[in-house]
Amino acid sequence: MPAINSKSIMYSISVVRLRVKEGYKDAYEAMLNKFTDQLEFKVVEDDFEVCHVDDYEYFKENEGITLMKAPVGLRYFYGELPDGTKPTAIANRAFSRCKDLVAVQLSDETQEILTGAFDGCDDLEKLVCLSKEYIFVSDGVLDNCPKLACVAFNAAEGEFENEYVPSNTLKNCRFYCPDGASGYSNTISDYVDDYDLYVDDNGVGAVYGYDQNGYIYLLSVTSDVSGEYTFKEGTDLVAPYAFASCKNEFTIDPVSWNYLGYVDQYGFAESGLSGDMTIHKNTMLIGDHAFLKCANITSVTFDSPDTYNLVLEQAFAYCPSLKTVTFNEDTNVTAVLSGAFIGTAIEHIVFPPTVTSFYYGVFGECPYLKTIEFTSKTPPELVLFSDGTTFQFSTNGDTINDVRIIVPEGCAETYYNSWIYRYIGYTSLQDWCSNVFLSSLWSGTTLEECTQQVVNKYAQEHNGLRKLLGLEETESELDYDTVYTIMKSLEEWFSW
């Protein structure tokens with residue numbers, strides 16, 4: 001029987017029940033009674049064992065196995081102890097000494113994580129729980145884990161003490177549970193059906209998800225990725241913030257890109273993704289902000305996709321080293337959304353003939369941009385920011401549209417006629433007149449004043465577009481009578 005320290009007993013006033021191994025009850029009671037006259041202890045004999053293996057300590061009893069303490073220098077824990085034991089529970093503060101711990105995957109037998117189990121794990125980034133049926137998470141389990149980026153549960157039923165979820169204090173930390181699961185907070189996403197932790201040959205960990213259709217989702221990568229990174233074979237999608245904590249310079253294996261179907265919003269945002277990258281033929285969608293603030297990307301090439309391909313809002317925004325964007329022959333890019341290349345170092349860009357929609361502000365804050373080239377003889381539709389706002393192809397500080405737009409030979413006038421009203425900020429002359437007329441109902445502006453307002457604005461703006469397209473300046477072709485006729489018809493319609 002171990003020696004009992006009187007001070008330890010006196011300060012443990014909350015301890016009222018003590019479990020001891022069979023045959024030790026009388027000895028413990030006699031020892032405790034010497035120090036604790038004012039307390040009543042109940043000593044209970046039980047069949048249990050405290051085991052040690054390679055600096056792990058666990059408590060073994062009939063009800064299960066509780067991991068009490070993990071080694072100080074541990075970086076990855078895969079749910080199984082060196083002797084093959086799989087804990088059914090993780091004790092209070094079991095990993096709290098593990099300041100270097102990066103990722104944990106608890107086994108399918110672990111169904112209980114007790115208070116503060118990972119409290120103070122400064123480097124912990126990922127936690128995956130494989131239990132399929134049930135998981136209980138006590139309060140404070142993941143407190144003081146500042147680098148935590150992804151937690152995934154596989155249990156169909158979750159129970160959280162005091163509805164504990166630490167996500168509110170962690171920027172970009174993502175929490176996942178199985179589709180259709182119960183007992184989870186609405187801040188935990190039922191993204192797919194199954195999750196696991198995968199560690200590659202270089203020791204880089206990543207959380208992956210799997211759905212019933214066989215698709216593989218890359219959810220989150222540990223921050224120690226560097227050099228060339230290879231996705232798990234068959235990966236279809238990079239999820240939001242998957243690389244958010246990856247600040248070292250790295251590239252993606254070209255074969256991995258070739259299989260990838262989607263890069264979801266913020267997938268690589270603010271990461272160290274570097275160098276020349278190619279969006280291969282199977283990548284159908286680049287989500288909003290997918291490569292936002294990737295400071296080390298120098299060029300992007302869009303290969304020929306099998307289906308449609310959209311470059312969504314701010315997809316490559318604020319990538320200051322991005323100088324070259326290339327669309328290979330027959331690339332099927334159909335739309336380029338607002339801010340897609342804002343804040344880049346692009347000087348010249350050529351869009352394929354498949355582009356049918358071009359949004360406001362694609363090239364905001366691009367000080368080096370000189371030319372934008374469209375190769376289709378049919379002008380793409382300009383998608384407006386708001387009524388009455390001059391369309392911005394590019395900005396450089398306070399300067400707007402200081403670029404040259406190149407179009408196929410003989411098509412400049414076609415582009416001008418297609419774009420003029422959208423360039424001014426309206427979908428058509430009818431739309432423009434309707435907007436001005438409706439405003440006059442509140443302001444009291446006369447029909448003649450409304451007409452003159454449109455005519456004057458057109459005269460001020462139309463040569464701006466002609467200059468962009470390399471056309472000679474002309475007198476305004478919009479006459480007063482045409483506009484007045486539209487205004488009059490609007491007045492008659494509203495009077496009726």
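Reader: In this predicted model, what kind of crossing does α4 make as it passes α6?

Author: The crossing in which α4 passes α6 is right-handed, and the residues that make the contact include Y416, W419, I420 and I424 of α4 together with Y458, H462, L465 and L468 of α6.

Reader: What is the make-up of the residues in this contact of α4 with α6?

Author: They divide into 9 nonpolar, 2 polar and 4 charged residues.

Reader: Why are α4 and α6 called oblique to each other?

Author: The axes of α4 (residues 412-424) and α6 (residues 447-468) come within 10 Å and cross at roughly 135°; since angles from 65 to 115 count as roughly perpendicular and those over 145 as roughly antiparallel, the two helices are therefore oblique.

Reader: What makes S338 count as partly exposed?

Author: S338, found in the loop between β27 (333-336) and β28 (348-351), has a relative accessibility of 24%; because buried means under 20% and exposed over 50%, S338 counts as partly exposed.

Reader: Which residues does S338 touch, not counting those up to four places away in sequence?

Author: S338 touches E313, Q314, Y359, Y360 and G361, while S338 and V311, 27 residues apart in sequence, are 9.2 Å apart in space, C-alpha to C-alpha.

How values were computed. Residues are numbered from 1 along each chain as its sequence is written. This is a predicted model: local features need pLDDT of at least 70, side-chain atom pairs count only at pLDDT 80 or more; totals for chains, interfaces and linings use all residues. Side-chain values use heavy atoms; hydrogens and water are left out. Axes are lines fitted to C-alpha atoms, for helices over the stretch in contact, and angles run from 0 to 180 degrees between N-to-C directions. Helices (H or I, at least four residues) and strands (E, at least two) are DSSP runs, numbered from the N terminus. Angles under 35 degrees count as roughly parallel, over 145 as roughly antiparallel, 65 to 115 as roughly perpendicular and the rest as oblique. A crossing is left-handed if the near helix is turned anticlockwise from the far one by less than a right angle, and right-handed if clockwise. Contact means heavy atoms within 4.5 Å. Ala, Val, Leu, Ile, Met, Phe, Trp, Tyr, Cys and Pro count as nonpolar, Asp, Glu, Lys and Arg as charged, and the others, Gly among them, as polar. Buried means under 20% relative accessible area, exposed over 50%, partly exposed in between (1.4 Å probe, protein chains only).
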